[in-house]
Amino acid sequence: MNILCAGINHRTAHLDVRERFAVRESEMAEVLGRLRSIDGVSGVVMLSTCNRVELYASSLCPLRALEGFRDILSERTGLEAPLYHLVNPEAVRHLFRVASGLDSMVIGETEILGQVKRAYSVAAEAGAATRSLHRLFQHAFRVAKSVRTETQITSGPTSVGSVAVELAGKIFGSLEGRRAMILGAGEISERTARSLQSRGVRSLIVSNRTYERAALLAAEIGGMALHFDHWEKACADVDILISSTNAPHAILTPEKILPLLRLRRGVPLFVIDLAVPRDADPAINQLDGVFLYDIDSLEQIASQSLDIRRQEVIRCESLIEEHVGGFLSWLKSVPGGGRAASSIS
Amino acid sequence: MERIALLASTLCYLFSFGHTLFELGAERFRPGRFNFLTMALGMAAQGWYLSMRGAAEHACPLGTLSETLIFLGWSMALLYLAVGPAYRLSLMGAFTAPLVLLLQIVALLLPQKPTMVHSHQSAWVETHAALSLVAFGAFGLGAVAGLMFLVQEGELKSQRPAPIFHYLPPIHILSEATLQILWAGFILLTCSFASGLYAHLMVAGGKLFFSILIWLLYLVVLVGAQRGLITGRRFALAAAGNFIVALLLLPVIQHLSRQ
């Protein structure tokens with residue numbers, strides 16, 4: 001038995017192409033059924049995410065499986081699929097790398113593991129996974145766990161939104177019940193606010209020079225719109241202030257912030273300044289209980305985290321290599337498992 | 001045997017501290033079980049030493065400054081082992097170990113006096129002395145939490161946080177922990193005073209003044225923090241500063257107690 005991996009991902013195909021080949025979960029059972037009907041294919045698991053569409057198959061003849069997969073994709077989309085394909089050690093290594101987040105667009109991201117688990121579970125429920133695929137995916141989950149716990153591949157946040165969330169967490173602990181205010185209804189501040197919402201920030205106030213825009217954004221994110229003239233009064237009650245106005249000068253100055261701090265009774269204020277030119281006077285960071293981060297400092301932290309993750313890749317690869325060897329030894333011990341792969345070129 | 005117990009506990013704290021320095025140097029610090037384990041072993045060895053001294057003296061082993069410092073270190077380690085996991089204060093052991101190690105080294109360097117067998121003292125007097133030192137242990141741990149707050153706050157303010165930032169707890173949690181630990185220490189100190197009064201301990205002059213001074217210093221800081229009158233940074237500074245004052249006054253109070 002051979003393990004075949006074939007598909008497209010963010011490295012080989014643009015989003016325009018990937019979205020054409022994506023398989024929705026509602027269609028998955030039918031597609032899995034068709035894939036299993038390919039001559040020589042005994043089991044299949046299909047992974048379809050925004051960054052990849054991949055088939056993992058146990059097959060006596062990987063060449064036929066690959067051609068069948070290509071035909072099914074072409075039939076569905078009317079396009080020739082630019083598939084890559086890997087067999088046995090490479091296919092196993094690839095799945096282990098994918099599950100560990102090493103093959104992701106953002107190295108070390110953990111969402112992919114959940115997606116791989118879901119893909120496996122859908123295939124298992126549809127009865128499409130064979131013994132070798134069960135074993136392969138269970139092994140992949142163990143590898144991903146081991147990579148995450150034994151290395152720093154998931155270390156630190158890697159986007160402006162996640163950096164803001166981590167910093168807010170390091171100031172307030174749980175963000176449950178914390179209040180945030182957005183000054184200026186920009187796209188990055190909206191994304192940052194959404195990241196904070198995902199971690200428990202419930203009360204969101206949106207204030208913009210154009211009230212209608214504030215109202216629109218507030219409606220989208222489930223917040224409350226506020227006239228720009230009133231933001232200073234409301235500011236005393238918020239814990240996180242995200243600012244991205246188009247003001248030509250600093251609107252958050254020590255003179256404005258200091259009186260607010262007196263009303264806050266020692267509760268810190270986290271100011272996220274995403275505006276260029278900056279909305280916050282850097283001097284407010286010197287005030288007791290105020291933590292100011294501008295777009296540069298947030299991006300620098302994200303970039304540091306990515307550097308750490310890149311440095312960890314070698315350790316991860318070596319861990320994965322041990323597991324690939326382990327899985328292949330098992331595969332060889334299974335009757336029919338040691339057969340060499342058909343040549344695919 | 002006493003010396004062996006003392007050296008064993010010192011080595012445990014030294015290992016704990018050394019391990020922290022090594023991990024921090026490698027910028028790969030992950031709060032692990034090593035600190036907790038070495039601190040637990042160090043505290044057990046200190047407990048062994050104190051029990052031997054107690055058996056020899058027929059009293060709570062606080063006869064010399066050296067014993068007092070070891071008892072204080074033991075209290076701090078004990079409270080860390082109890083409080084650390086409860087608050088999930090990762091790295092607290094890394095900050096506590098050097099302080100306990102310092103107390104232990106000072107205790108080892110102090111001249112050892114011959115054992116004095118005490119006549120039977122009132123249990124309330126013994127309770128008074130022991131509770132005072134456990135309260136000081138809580139103040140020490142509060143100072144450690146305050147110090148951790150200052151480090152984490154400094155990292156947050158720097159806008160370029162070092163790797164340790166990821167492993168230190170949030171400043172809000174540290175502030176809460178400092179407040180609760182200091183309240184615990186303050187209540188223990190008050191209980192210690194109450195047990196001294198109950199035992200009709202005659203306290204006057206310098207000892208009374210310094211004891212009340214420490215009690216008042218903590219009361220002012222705690223009320224200020226509880227009511228939100230001081231910022232987290234000032235509270236952390238006060239927790240560390242008050243402990244330094246208390247630690248400096250400890251030998252004076254002990255000297256006055258013997259008079």
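Modeller: Axes are lines fitted to C-alpha atoms, and angles run from 0 to 180 degrees between N-to-C directions. Keep that in mind, as we start with helices in a predicted model.

Biologist: At what angle do helix α1 and helix α4 of chain B pack, and how far apart are their axes?

Modeller: Two packed helices are described by the angle between their axes and the distance between those axes. Here, α1 (residues 2-25) and α4 (residues 92-109) of chain B pack at about 145°, with axes 9 Å apart. Their crossing is left-handed.

Biologist: Which residues make the contact?

Modeller: From α1(B) they include B:Leu6, B:Tyr13 and B:Phe17, and from α4(B) they include B:Ala97, B:Leu101 and B:Ile105. By class, the residues of this contact are 12 nonpolar, 5 polar and 1 charged.

Biologist: Now the two chains. How much area do chain A and chain B bury between them?

Modeller: The size of an interface is often given as the accessible area lost when the parts come together. For chains A and B that area is about 2200 Å², with 48% of it on carbon and sulfur atoms. On the chain A side, A:Lys170, A:Asp288 and A:Phe291 lose the most area to chain B, together 29% of what that side buries. The contact takes 29 residues from chain A and 25 from chain B.

Biologist: How many salt bridges does the rule find across this interface?

Modeller: It finds 1. The side chains of A:Asp288 and B:Arg234 meet in a salt bridge, at 3.8 Å from N to O. The rule also finds 15 residue pairs in polar contact across the interface.

Biologist: Which element gives the most to the chain A side?

Modeller: α7(A) does, with 6 residues. By class, that side has 11 nonpolar, 13 polar and 5 charged residues.

Definitions and conventions: Residues numbered from 1 in each chain as written. Chains lettered and ligands numbered in written order. Predicted model: local features only at pLDDT ≥ 70, side-chain atom pairs only at ≥ 80, totals over all residues. Heavy atoms only, no water. Helix = DSSP H or I, 4+ residues; strand = E, 2+ residues; numbered from the N terminus. Left-handed = near helix turned anticlockwise from the far one by under 90°. Contact = heavy atoms within 4.5 Å. Nonpolar A, V, L, I, M, F, W, Y, C, P; charged D, E, K, R; others polar. Buried area = accessible area lost by both parts, 1.4 Å probe. Salt bridge = Lys/Arg side-chain N within 4 Å of Asp/Glu carboxyl O. Polar contact = N/O pair within 3.5 Å; in protein donor to acceptor, adjacent residues only side chain to side chain.
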